[in-house]
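Q: I'm new to this one and would like to learn how to read it, feature by feature. Can we go through it together?

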Amino acid sequence: MSKIALFPGSFDPFTKGHEDIVLRSLKLFDKTIIAIGHNTQKARYFDLDKMVPLIKKVFAKYDNIEVTVYNELTAELAKKYQAEFLIRGLRNTTDFEYESSIAQVNRRLYKELESVFLITSHKYAAINSSIIREVHKYGGDINEFLPYNL
Ligand code: ADP
């Protein structure tokens with residue numbers, strides 16, 4: 001059976017740190033699905049209709065990387081895709097605290113779902129979507145943090 005992994009996140013915006021996690025995940029899994037969680041009640045900073053094609057273009061040459069948008073429990077989405085692995089990136093101990101709680105809940109919701117944590121590559125460790133939004137808001141150039149040009 002092929003190993004399918006789900007990489008869920010807000011990706012507001014999708015950064016070089018996220019790209020690095022996706023590419024590294026291919027060493028472990030047959031297929032990785034980038035799942036953009038979209039809460040219709042919560043406004044995004046970067047427009048989803050623009051972000052999705054940009055991410056798809058970054059991975060256009062990979063037929064084992066998919067991009068999808070969802071608005072439901074991550075565990076439910078994983079079941080739909082028959083994904084038994086959930087990938088998350090870890091930058092620091094704050095990420096770890098938060099991620100371990102989410103992983104426990106997800107395991108309860110979907111017993112077969114194994115959360116797999118990839119430690120950030122050093123050069124991308126400081127890249128953080130919320131800081132990028134702030135820089136962009138005040139007119140700073142953010143392209144060096146992104147795997148595409150905005
Ligand atoms: P969420 O709102 O679900 O935390 P994010 O889009 O901020 O969504 O992040 C998605 C995943 O990517 C999380 O596991 C996060 O820890 C990880 N991540 C965020 N930034 C980086 C980075 N620079 N390098 C590696 N992983 C990262």
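Q: Where does P13 sit in the chain?
A: Look between the strand and the helix: P13 is in the loop that links β1 and α1. Keep in mind that this is a predicted model.

Q: What kind of peptide bond joins D12 and P13?
A: For this one, check the omega angle. Between D12 and P13 omega is about 5 degrees, and the bond is cis.

Q: Now the ligand. How many residues surround it, and which are the closest?
A: Start with the shell of neighbours. There are 16 residues around the ligand, and the closest are S10, F11, G89, Y124 and I127. Sorted by class, that shell holds six nonpolar, six polar and four charged residues.

Q: Which polar atoms lie within reach of the ligand's own N and O atoms, using 3.5 Å as the cut-off?
A: Take them one by one. In R91, a side-chain N or O atom is 3.2 Å from a ligand nitrogen. With Y124 we're back to the backbone: one of its polar atoms there is 2.9 Å from a nitrogen of the ligand.

Q: How much of the ligand does the protein bury?
A: Compare the ligand alone with the ligand in place. Alone, the ligand exposes 550 Å², and the protein buries 87% of that.

Q: What about salt bridges: how many does a search of the whole structure find?
A: The general idea is that oppositely charged side chains can pair when their charged atoms come close. Searching the whole structure turns up nine salt bridges. One of them pairs R24 with D20, with the closest N and O atoms 3.0 Å apart. Both R24 and D20 belong to helix α1, four residues apart, about one turn of the helix.

Methods
Residues are numbered from 1 along each chain as its sequence is written. This is a predicted model: local features need pLDDT of at least 70, side-chain atom pairs count only at pLDDT 80 or more; totals for chains, interfaces and linings use all residues. Side-chain values use heavy atoms; hydrogens and water are left out. A residue is near a molecule or strand if one of its heavy atoms lies within 4 Å of it. A polar contact is a pair of N or O atoms within 3.5 Å; within protein, one must be able to donate a hydrogen and the other to accept it, and residues adjacent in sequence count only if both atoms are side-chain atoms. Accessible areas come from the Shrake-Rupley method with a 1.4 Å probe; for residues, only the protein chains shown count as cover. Ala, Val, Leu, Ile, Met, Phe, Trp, Tyr, Cys and Pro count as nonpolar, Asp, Glu, Lys and Arg as charged, and the others, Gly among them, as polar. A salt bridge is a side-chain nitrogen of Lys or Arg within 4 Å of a carboxyl oxygen of Asp or Glu. Helices (H or I, at least four residues) and strands (E, at least two) are DSSP runs, numbered from the N terminus.
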